Amino acid sequence: MQSVLNRRLLWVGGKGGVGKTTVAASLAILAARRNKRVLVVSTDPAHSLGDVFDRTLGDTPRRLLPNLDAMEIDPDSEVEAHLNRVTQQMRRFAAPEMMQELERQMRLTRQSPGTQEAALLERLARLILDDDAPYDLVIIDTAPTGHTLRLLTLPEAMAAWTDGLLAHNRKSAELSGVLKHLTPSRGQDVATPFDNPTEDALSGLDERTREVAETLINRRRLFHQARRRIEDAKACSFLFVMTPERLPILETQRAVSVLEEVNINVAGVLVNRVIPKEADGAFLQARRAQEATYLERIDTLFKHLSRPTLPWLATDVQGIDVLESLADKLEHQGF
């Protein structure tokens, strides 16, 4: 498991409430101890990463320990920045009387399904590809499966949108050409419709369509490069966190299967909150008996993966001191 901290990118994810943010923070501390320059990032709008560190975090990296920075990406801020860029682009082409309606549409878009995720995915893609950032390791605390699969499929989606836009524009150009040549005053035969596969894809476009197409092509390139980075097992890995309970096991099983089907490297599954051997009492004995069946199932389902464990702690995890002790436990588990 130590190799996961030697990659450039580590995703830590799992079902809500299993402790993935705690694990991500503890791994970041462990890597920083080894003189790696680490950035740990959360995309959780609940801002749980700051709660775990017991520090106020924002949208830019904050130094918490030597070699360790942390930040929380605010999805709402990403949406606002994204829509502001779109609005500024549209202002260049919209008639003044249309601006009120444009701004109304932008307000509605803020609440539209998928808007937040689209802006967040673009920010994540840029973060993944920022090789100039002063970090050896970037740990992303998020729900990885959905985001990752969307990043993997977005290049094809962007290609479809771009090709559709260009095809529509070409059809408009063809129709315009036909209509012009049918005009009696021209005195010419109908010209052959524009269809030159060797011509530059953006040639002949009006300024507005060209700018929109260039934006789509650039985003398509961005997501394609992010996909290549995620697929590179030498650069990227995933660690799933679960508790020894039925629902987290089922969700993790599905997530691991999906990623492995598309050849994404899964480093292992970390089983969190295992009842310590020294815990006593009839209630805990009953829970331990049930837990044993789940641990056995985990060993069966994920036998091809590393399966480190962390104990159930007597207190909540908050503050760097507790995270330091968890980093010790992770190191003993082979990280």
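User: Which residues of the largest nonpolar core touch the most other members?

Analyst: In soluble globular proteins, nonpolar side chains tend to be buried together. A nonpolar core is a set of buried Ala, Val, Leu, Ile, Met, Phe, Trp, Tyr and Cys residues joined through side-chain atoms within 4.5 Å; buried means under 20% relative accessible area with a 1.4 Å probe, protein chains only. Here the largest core has 38 residues, of which Leu-10, Leu-27, Val-40, Phe-53, Leu-68, Ile-139 and Phe-335 touch the most other members. Helix H1 (residues 20–33) gives the largest share, nine residues; helices are DSSP runs of H or I, at least four residues, numbered from the N terminus. Apart from this core lies another of 31 residues, including Phe-238 and Ile-298.

This is a predicted model: local features need pLDDT of at least 70, side-chain atom pairs count only at pLDDT 80 or more, and totals for chains, interfaces and linings use all residues. Residues are numbered from 1 along each chain as its sequence is written, and side-chain values use heavy atoms, leaving out hydrogens and water.

User: How should I read two packed helices, and at what angle do H8 and H9 cross?

Analyst: Two packed helices are described by the angle between their axes and the distance between the axes. Axes are lines fitted to C-alpha atoms over the stretch in contact, with angles from 0 to 180 degrees between N-to-C directions. Helix H8 (residues 246–261) and helix H9 (residues 282–301) have axes that come within 11 Å and cross at roughly 5 degrees. H8 and H9 are therefore roughly parallel, a term for angles under 35 degrees.

How values were computed: Angles under 35 degrees count as roughly parallel, over 145 as roughly antiparallel, 65 to 115 as roughly perpendicular and the rest as oblique. Buried means under 20% relative accessible area, exposed over 50%, partly exposed in between (1.4 Å probe, protein chains only).
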